[in-house]
Every structure is written in structure tokens, then in C-alpha cells.
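Please keep the sequence and the structure in view while reading.

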Amino acid sequence: MPVDLTKPVTVPGFSQAKQEGRKLTMLTAYEYLWASLFDEAGVDGILVGDTLGMVVQGKSTTLPVTLDEMIYHGEIVARAVKRALVVVDLPFLTFQVSPKQAVENAGRVLKETQASAVKLEGGRNQARTIERLSNADIPVMGHIGLKPQSVRKLGRMAVIQRDEERLLADARAAQEAGAFALVLELIPQQIARTISEEIDIPTIGIGAGPHCDGQVLVSHDMLGLTPGFRPRFLKRYAEIRDLAREAVEQYVEEVQQGEFPDSAHSHD
Ligand code: KIV
């Protein structure tokens, strides 16, 4: 069924897409111009991810990102977006302490950004928190498989998660607790397929193969803005960094040579 670009995407709209067998598309965004462009291009969801810490702030992990920073960027993105569902990540240590802490912080996100939902990393270990958020009418997207906020425990950034039993238990727990959708990160495609078939809420894959109900990519990666980041799962749909560098080098050269500004770009 063709995507209706005129109607705003809602939380129930995500479930409906799964029921209708329509694949969901998501990208991350952190600022106004890119968010409005992705929205115009027809993505169903925009995630203000805590990858903010890495692709925008240049840090080596997502751990230092604060709730205030997520709210700052979430508000900008939600203001830019007319159709897509805007989801804001809860950063490290803003939901793990207690369900009460999570409700207070996720509540701030919804009140201060106009986003529709929050995302948190966790399955069984966060089931109580997902339930409390859901009971407070705060839509939650779960996130299982590779959880980048666990980087210190894992010892490295990217580890493929292969324990099918654990992953299925996490997925079921997130669904039962009330999550409306679930990110599957860095999971073998057959396991992602089983999870997507076993649960009713839509699965949104990143590095989890083609059988998920939708896909999400970090926009800076898929647009070729992040230098040298080429994991197998990532398709770089453009090389914007190279284009931008060529443009800037040409500008520097032309100014130095006295070719810019020429008469066409000068006022009489
Ligand atoms: O923070 C983020 O951008 C994410 C995606 C990798 C799904 O969680």
C-alpha cells in the first residue's frame, strides 16, 4: 500500500503498518534542516538518537549525553517534522535508576519537545520501567540486541548478539510490558526473523537483516558524513562528506586566486 504522505504518523500507525505488512522506515536526526528534509522525503519515524554524542558531539561513546541535550535536540527536530513519528532516546542513567526516575525524565521529554515517544535500551531488565512508562501513557520503543549504552560492560562498541533464547525472552518481555515497537540492533537475520514473527509489535532493525518490520539507520552514516565507518550492515546511500570537502576546497582555492567573488556575485 502506498505511503500516505499527508497524514501524521502516530504510535498506533506503527502497529497498523505491521498488520498491513507495510515496512516502516526510520532515520536519526538531531537538527532542523535534516529533520525536515527526511520528513519531506517520506520516512515514517525520526529518532533523535543518543548517537548524538558520537556523530554530533564527536565523543567516543553515547554515555556522556545528557537529558537536557536530548531535550534540546528533540525540541528542534519535533518542530521541524510535520508527518513522521518523532522518538527521543533516553540517554544513559536517565532511566536505569528506577521506574520513577524514568517516568519523570520521559515525561519531561514529552512535555518539553512535542515528540510522540521515547526509546530506551533494554528488554527483560527494563520491563518494569517500560510498564510504568506505558501506564503513564508515555509510548516507549524498546531496544534489544546490541545496546550501545552497555559499551563498558561489553568492552567494545559492536558485538553481534547471537543468543536466540535470551533475545526472544527480551522481545517478549518488552512487548508484554507495553512497548509499542522494538529496535533490534546487530542480530543475525534469522533470529531477527523469528523475533519479528513471534511478537505483534513492529521490529525496527539496524544490522538485523531484511526480515524486520522496519529499518533504522544513523543518518550521518547512510549519507556518508562519518569518515571511515563502514560496518557490513551499513549501506552508504551518498558520500556527502566528499561532496562537501570538494566544495569547500574549491571555495578556498577561488578566494585565494581572486576568482570569487566575481562580478556575477558582487553588487554594483
Ligand atoms: O541512538 C541511536 O541512534 C540509536 C540507533 C542506532 C537505533 O539507538
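The ligand is surrounded by T28, L47, G49, D50, T51, D89, K119, H143, E185, I206, V216 and V218, where a residue is near a molecule if one of its heavy atoms lies within 4 Å of it. The model is a predicted one, in which local features need pLDDT of at least 70 and side-chain atom pairs count only at pLDDT 80 or more, whereas totals for chains, interfaces and linings use all residues. Residues are numbered from 1 along each chain as its sequence is written, and side-chain values use heavy atoms, with hydrogens and water left out.

**The ligand and its shell**

By class, the shell comprises four nonpolar, four polar and four charged residues; Ala, Val, Leu, Ile, Met, Phe, Trp, Tyr, Cys and Pro count as nonpolar, Asp, Glu, Lys and Arg as charged, and the others, Gly among them, as polar. A polar side-chain atom of D50 lies 3.0 Å from an oxygen atom of the ligand, and an N or O atom in the side chain of D89 is likewise 3.0 Å from a ligand oxygen. For K119, an N or O atom of the side chain is 2.9 Å from an oxygen atom of the ligand. Taken alone the ligand exposes 260 Å², of which the protein buries 97% (Shrake-Rupley method, 1.4 Å probe).

**Salt bridges**

The structure holds 13 salt bridges, each defined as a side-chain nitrogen of Lys or Arg within 4 Å of a carboxyl oxygen of Asp or Glu. Three of them are listed here.

| Pair | N to O distance |
|---|---|
| D44 and R83 | 3.1 Å |
| E75 and R79 | 2.7 Å |
| R172 and E198 | 2.8 Å |

The pair of R172 and E198 joins helix α8 (residues 164-177) to helix α9 (residues 189-198), and so ties together parts that are 26 residues apart in sequence; helices are DSSP runs (H or I, at least four residues), numbered from the N terminus. R172 is partly exposed, with a relative accessible area of 34%, and E198 is also partly exposed, at 42% (buried means under 20% relative accessible area, exposed over 50%, partly exposed in between, with a 1.4 Å probe and protein chains only).

E75 and R79 both lie in helix α4, four residues apart, which is about one turn of the helix. E75 counts as partly exposed at 27% relative accessibility, and R79 as partly exposed at 48%.

R22, D44 and R83 are linked in a network of salt bridges.

Technical notes. A polar contact is a pair of N or O atoms within 3.5 Å; within protein, one must be able to donate a hydrogen and the other to accept it, and residues adjacent in sequence count only if both atoms are side-chain atoms. Helices (H or I, at least four residues) and strands (E, at least two) are DSSP runs, numbered from the N terminus.
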